[in-house]
Amino acid sequence: MVRSFTGSTVLRLALIATAAASLAACQSKPKPSFPTQTPPSSTGPSTPLPPSTGPVSGQPVGALPGSTQDFIVNVGDRVYFDTDSHDIREDARPLLTAQSEWLRRYPSVVVRIEGNADERGTREYNLALGARRANSVRDFLVGQGVTGGRISTISFGKEQPIDTGSGEESWQKNRNARTAIVSGAR
Amino acid sequence: MTQARSLPTRQTLPSRAAALLFTLLCAITAVAIAQPARAEIEVNVNRGDVQPLPIAVPAFGGGQVGGDISQVISANLQRSGLFRPLDPNSFIEKGLTANVQPRFADWKTINAQALVNGQVTVEGGKLRVDFRLWDVFAEQQLLGLQFTASPESWRKVAHKISDAVYERLTGEKGYFDTRVVFVAESGARGQVTKRLAIMDQDGANPSYLTSGDSIVMTPRFSSNSQEITYMSLKQDSSTVYLFNLESGRRESLGTFQGMVFSPRFSPDGGKVVFSVERAGNSDIYVMNLASRTSTRLTTDPAIDTSGSFSPDGSRIVFNSDRAGSPQLYVMGADGSGARRISGGGGRYTTPVWSPTGEFIAFTKQTGGEFHIGVMRPDGSDERLLTSSYLDEGPTWAPNGRVLMFSRETPGGPPKLWSVDVTGRILQPMPYPGAGSDPAWSPLLN
C-alpha cells in the first residue's frame, strides 16, 4: 500500500501529481444533499411557537401522503438545539409531535435520527454531543408512542453542516437533529 | 575517510537493530566516524526567547543529490525555530567536502556558529553520505557520521542527519525522520471529501490511504509507526479501524451497539482506548488487541471521550462534561480514581499526553476563541500557546517539543499548523492542501 522510500524519485513525483489531480477531480464529487428547513430565529425556550408545523391533515398537500416528500414538506424533518445542549426545546415539541403522529399513521416507516453539532466545538466531543441530540429526539418520539425498534440513531458531529457560514445564525442551524426516512415510505 | 577506518570504536545508531527488521523498506546504517567532542555551543530548547543559532549548511559534495540533501537539512533546522541557516551566497569557502578540515576563519567571518558539511558518493548502487558537524569558534568537530542507503532514500538520510545535528546541539532527540498521518480535505464547505493521507513531517511524499467514500477522522499512530487507528463514519454506521501502513491490511476493531469513535493506542501498542456511545451516553473503553476483549472504564451518564494514555501506560487523561462543561480528567488505566485536572474557566477538550510525560496538550475554548495549550498532568502550569477562530486537536512530535494541530479561519478550510511548546515558534506546516486531525509518528527506524 504505502511504501515509502522504495519508488524512484520520478515515480514519487508522479504520485504527487496524481494526488493533486485527484484533489482537483474531487471538487465536483456529488454528495447527498440534505433537505433543510429554516430554524426558528430565536433560541430561547419562551419563543413563540412556529406557526407551520401542524399535523399532515392541516397542510396543503402537494406530495403523496405517506411519502418521504410528504414527511419533509408537511411535517418537517429537523429540529434545533441550544448551544451545547441536547434538551428538546419548547419550540421543537410541536414538530416532533407531528413527526410521531405521522410515524404512527405510517407504521411501516423506519427512520434514522441524525444528530448534528455546530463547528464551535472539537470533533470528538461534537460526535458525542450529536449522539445525545439524536437520542433526545428518539426518546421524545418513543414517548409519543412510536415503537423504538423503528428508530435508529447516529451522530455526524460537526461533519455535515447544513449552513456553511460562520456566525451564530449559521451555527444555530447546524445544531440540529434530522429525522431521515430509511425505508417504508410510499 | 581514512580517519574513520583507523578509529577503534564502531558505533551504530540505537535504531539499527530495528531498522534491519525492515530493510526492504529502507536500508540505512550509520557509522560513527569520530567520537563527538564536548560542544561549547549549545541550543537551549527550554527558553522561549532564544535567538536561533546561526548555522552554515553548504551543499554536500557529490552533485545534485548533495545539494538536495543540504537543502532538506537546512529547511528542517530552520523550521525548528532553534537554528538560523545562513545564506549560501554569503559563504566564503566553496567546495568544502567532508574529507577536509574547514577553513574556520572563513566561517567565523560570516558568524556561522556551527557548520554541517558532507559528501555523497555512490558505491555499488548504494548512496553513501558522510557528514561532519563543526563548532566553528571552538574549531572542533562535534559529530561525524556515515549513512548508507538506497539512492531513493536520500530524503530520509537528510532527515537522519538533521536529527543527529539537532540532538548534538540541543541535547534532545530530534523529530525530523518522522511522518504525519492526517485527514486531507477537499471540496466545498458542507460537501467536504475526507481522505486519510500520510506525508513526511516536512510535507514531502504525500499519499492517500483511503478513497474518500466515507468520512474519516482522528487517525493515530501506534508506537511502532506501522499501524494507525482511525474512525470512519457513514450515513448509518461508525467503525474504528486498525490499518497497517506496510501491508495495507485494514480490520475493524469490532461491532458495537451504538457509535464507536475516538480511538488511540496505548504506548506499547497492545491496547486501544476508544469511546462507545449507547443511548446517547458516551463512555470510555479499552480493548486488549491480543485477546480482543474490551473493558468499560467509565460509567458516568455524562460524555466521556478522547482518552489518551500516559507514556508509562498507567494512567489515562480524558474529556468529560460530568461537571456541566467539558473538562479534563485523569484516571488510572483501569478506570479508577478519576480526578479533574483542568481548573481554569472555559471548555477543555482533546487532551493528549506528551511522549515524555511532562505535559498534557489540549484544545481550550474561552472568550469565543480556540486555543492549543499545555498543562502538567496534575493540572498546574497551564499555558495557552495559540489563539484563533478555531484551533483544534494537538499532536506531539516524538521529542515532546513541538505540537501540530489544525487551524480554521471563518469560512475557510482547515490547515495544518505547528507550534513549539514555548509558544514562540508558530507556523503553517509545509503542506499546501487542506488538512485536519494530524497525528505525528514516533521517530522512524
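1. Thr350(B) belongs to strand β22 of chain B, which covers residues 347–353; strands here are DSSP runs of E with at least two residues, helices are runs of H or I with at least four residues, and both are numbered from the N terminus. Although Thr350(B) is not a glycine, its phi is positive, at about 45°. Most residues other than glycine have a negative phi. Thr350(B) is also buried, because 27 other C-beta atoms lie within 10 Å (20 or more within 10 Å of a residue's own count as buried, 12 or fewer as exposed, anything in between as partly exposed, with C-beta atoms placed from the backbone).

2. The model is predicted, with local features needing pLDDT of at least 70 and side-chain atom pairs counting only at pLDDT 80 or more, while totals for chains, interfaces and linings use all residues. Residues are numbered from 1 along each chain as its sequence is written, and chains are lettered from A and ligands numbered from 1 in the order in which they are written.

3. Thr218(B), in strand β10 of chain B (residues 215–221), likewise is not a glycine and has a positive phi of about 45°. Thr218(B) counts as buried because it has 23 C-beta neighbours inside 10 Å.

4. Chain B is divided into domain 1 (21–170) and domain 2 (179–440), with bounds from an automatic or database domain assignment. The C-alpha centres of these two domains of chain B are 34 Å apart.

5. In chain B, 7 residues of domain 1 are in contact with 10 residues of domain 2, contact meaning that C-beta atoms, placed from the backbone, lie within 7 Å. Helix α3 of chain B (residues 64–80) gives the most to the domain 1 side, with 3 residues.

Terms used: Contact = placed C-beta atoms within 7 Å.
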